[in-house]
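Student: Hi! I have a model open and some time to look around in it. Could you walk me through it?

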Amino acid sequence: MDKDRFSRRQFISRSIKTGMGVAVAGAVGYLFHDTEGPVSDSNTLDSTADESIWTLPDFSIPEMAGKIAVVRGEDRSNTLEMAIKALGGIDKFIKQGDTVLIKVNAAFAVSPILCATTHPDLLSAMIRICYKAGAAKVRVTDNPINDPASCFMLTGIEAATKQNGADLILPRDENFANLTLKNARLIKKWPVLKTPFDGVTRLINMAPVKDHHRSGASMILKNGYGLLGGRRNIFHQDIHTIITELAMMVKSTLVILDGTSTMISNGPTGGSLSDLKPTHTLIAGTDPVAVDSFGATLLGKTAQDLPHLVQAAAAGVGTVDYLSLKPAMLTI
Amino acid sequence: MISIPQLHSNSRSSIVGLIILGLLAVIAAVIFRQQFYYNPAVTALSATIFTSSSDISSSSGISAPVGLKPMVRLIKSLEPLSASESFNNETLSDKIDGKAELYLPAGFKSLVCQRFKHKDSDLWIELFVYDMGLAQNAFSVFSRQRRDNSTPLTITQYAYQTENALFFAHGHFYLEIIASSPSSEALQLMIELGNAFIQDHSDLMSKKMDVPDLFPSEVIDKEITNKKTINKTKETTDKNKETTDKNKEITDKNKEEIILDKESITLITSDVFGFDRLDQVYTAAYLVNGASMTAFISKRDSSESARKLAEEYAAFLKNFGGNVIDSEIKDLNGEELHGENLNLHGKDVHGEYIHGIEIMDTIEIVFSSGSYLAGVRDAENMEAAKILVRQIQNRINQVEQNQ
């Protein structure tokens, strides 16, 4: 017999050995596989947080689903009032005795003229509208990127809140609790702002339209980042997925996207007035994906340029086809 | 005595086995190398972020860069509004969020910032001092964020102002000084702050970037050569008007107008044009006979590395769906054009090839000349692209001949 040829026995023997080698290598690889993904360090701010799983309530109003209004104008107070009126009026959203939480974007300790944060004029107008509709309490909150006290003060948000009789909630360790979002890959046992939502019956999400170096844009969906605690910048590696999961997590009553002066470059911090373009547009609605999709046009982009919008639509959060919602288009 | 049969692998299976082992070793080496490239935020899971502004610099344990002196003592009308803050590459995103991605791959070392308040008004100013490690890194982040409609300043080689802010590079530092509201007084204070920093760091050379000088910036009017023809023709105009008109048409076609947007000159330090092997590339926006395009130039270590990188970049473009159009740019390899003998014969003076790629409905031409890699991209018009390439080739050749 030719000693260079395999016998059947030798072939089977070698195949088994090879297969075992592959199986062992695969097992070793599986041991190193992180099935959980990033989790918050237990030694940090959430050490006293409630470890039980909680869910953020759904504050949306089913009968007001799929509404969007776009108002062109320079004065934020006027465009806001017109937009809400076009959606059916504030009484469709706020009832007597409601406790309203306004989630602003107070990310950076910068002057309001830079439009990197929710504008205090817009916030003032919204608080007044809420109280006029009969809200019992109005709260304002965010978990900024910079020092919270500086952010709320220098952006003018603190003054706007207090001057209009609302309560400003600065994030502290005890305000957070671990949350796991169903079907999510990233938001698992992650500290999320919780206590500002206690007793809240309505949620309003207010954000400016901004360019963003990492995600392409920072608008309503990205504003959900301000509910996360911990070392959330780890999610920058998968920015579109985290924004999508935030969109799945946060179900607002009403969203207000401020494109009065849009940061079209050098976002999200900006810094120069020349980063801004006077787009004079305010978008309000109940479909945050549709609202952001329209907002993208102010940046010269489409929803397809922003993967998190497409992903959020695929997840059932809303639609990128804002025209299908027959938006009310108005000009002051 | 019974001999134990020995199993001998034949030579073919041994070779195959060795090849497989070799491939596995290469894969392991690549994985090992990639382990060193990760988002710095991944290693910063344990730090807390809820500290007040005044606590940040003390709790982080990060000291300010050596040699950075407080600004406040030099500006009498300002007083500190906040404590100074320091950030390294692990905490930079705590200050500027996603924008940290612009600085980190560009050589960022540290950021120190502080807010100052005007004593007699509500005006406040924030000063950001980025230590970028090298002057060219500072120029890179400066150029990549340059605002349109800005006003150049002369406080350093690279400086400009906008309505409410100052931006400049000095040595290996990049600075942003931002006012809470625009005014002439705010601008004056920002310039004073800027000058104070420059004086405190007068030992730093504001290094002039030499590569940007290679971008041609004058308007080239080729009709000069042909004017004689026109004049001669004009003598016979009365007798032969049609001939005059025809010659005039030729003149118009030969006119070359090359307009450089000097404010657009940018240095991209890594992942240039999406190609991870392309780094330290200067780009500039042009209008050539009305057609827009971008020129790029990069100085490499040697002519060999420049040639190889040009080939690799061309291959990268082909892999992404680009169509090779080398035949359409053969004239750039040295054939006579418009009566001129270019300094290239068959190949360029150092024997490198010029690559032409059509990709996403635009023209891209990349070449190497000596130790320079250069080219034109996003050009809508082939003839205009070739005009600019020739000018860049000439500039590089002049520089190399003078060295």
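Tutor: Happy to. Let's begin with chain B: of its 403 residues, 48% count as buried. Keep in mind that this is a predicted model.

Student: How many helices and strands are there in chain B?

Tutor: Chain B has 10 helices and 15 strands.

Student: And what share of its contacts link residues 24 or more positions apart?

Tutor: Taking the contacts in chain B with a separation of 6 or more, 65% are between residues 24 or more positions apart.

Student: OK, let's zoom in. How many residues of strand E8 in chain B are buried?

Tutor: Seven of its seven residues, so to answer you in terms of faces, let me list them by side. Phe173(B), Leu175(B), Ile177(B) and Ala179(B) are buried on one side of E8(B), and Tyr174(B), Glu176(B) and Ile178(B) are buried on the other.

Student: Which way does E8(B) run against E4(B)?

Tutor: Antiparallel, with seven bridges joining E4(B) to E8(B). To find the pairing on screen, go to Phe128(B), whose bridge partner in E8(B) is Glu176(B).

Student: How many bridges join E7(B) to E8(B)?

Tutor: Six, and that pair also runs antiparallel.

Student: What do E7(B) and E8(B) form together?

Tutor: A hairpin, with two residues between the strands. Gly171(B) sits in the turn and has a positive phi of about 60°.

Student: Switching to helices: is H5(B) mostly covered or mostly open?

Tutor: Mostly covered. Helix H5 of chain B spans residues 135-144, and eight of its 10 residues are buried. Among them are Ala135(B), Asn137(B), Phe139(B) and Phe142(B).

Student: What do those buried residues pack against?

Tutor: The buried residues of H5(B) pack against helix H4 (100-103) and against strands E6 (158-161), E7 (165-170), E8, E9 (258-268) and E10 (281-288), which belong to chain B as well.

Tutor: About 210 Å³ of space lies in the largest cavity. It is lined by 22 residues, and the closest to its centre are Val110(A), Thr269(A), Glu126(B), Phe128(B) and Ile178(B).

Student: Which elements give two or more residues to that lining?

Tutor: Helix H3 (93-96), strand E4 (124-131) and strand E8 (173-179), which are elements of chain B. E4(B) gives the most to the lining of the largest cavity, with four residues.

Student: How do the lining residues divide by type?

Tutor: For the largest cavity, 11 are nonpolar, seven polar and four charged.

Student: And the second largest cavity, how much space lies in that one?

Tutor: About 150 Å³. The second largest cavity has 18 lining residues, and those nearest its centre are Asn105(A), Ala107(A), Ile145(A), Lys222(A) and Tyr225(A). Its lining divides into six nonpolar, six polar and six charged residues.

Student: Over to chain A, then. Why is helix H6(A) described as largely enclosed?

Tutor: Because 10 of the 11 residues of H6(A), which spans 239-249, are buried. His240(A), Glu245(A) and Met249(A) are among those buried residues.

Student: What covers them?

Tutor: The cover for the buried residues of H6(A) includes strand E5 (176-179), strand E6 (190-193) and helix H8 (307-314) of chain A.

Student: I also clicked on Thr99(A). Where is that?

Tutor: Thr99(A) is in strand E2 of chain A, residues 99-103.

Student: Why does Thr99(A) count as buried?

Tutor: Because its relative accessibility is 10%, and buried means under 20%. Beyond its neighbours within four places in sequence, Thr99(A) is in contact with Lys137(A), Arg139(A), Gly199(A), Val200(A), Thr201(A) and Arg202(A).

Student: One more, back in chain B: where is Phe296(B) found?

Tutor: Phe296(B) is in strand E11, residues 291-299. Phe296(B) counts as buried because its relative accessibility is 0%.

Student: How far is Phe296(B) from Pro212(B)?

Tutor: The two are 84 residues apart in sequence, and their C-alpha atoms are 9.5 Å apart in space.

Key: Residues numbered from 1 in each chain as written. Chains lettered and ligands numbered in written order. Predicted model: local features only at pLDDT ≥ 70, side-chain atom pairs only at ≥ 80, totals over all residues. Heavy atoms only, no water. 1 Å grid on protein atoms, 1.4 Å probe; cavity = no way out; pocket = protein on both sides within 12 Å on 5 of 7 lines; lining within 4 Å. Points joined across faces, edges and corners; volume = space filled by probe spheres on them. Nonpolar A, V, L, I, M, F, W, Y, C, P; charged D, E, K, R; others polar. Buried < 20%, exposed > 50% of the residue type's maximum accessible area, 1.4 Å probe, protein only. Contact = heavy atoms within 4.5 Å. Pairing = 2+ DSSP bridges.
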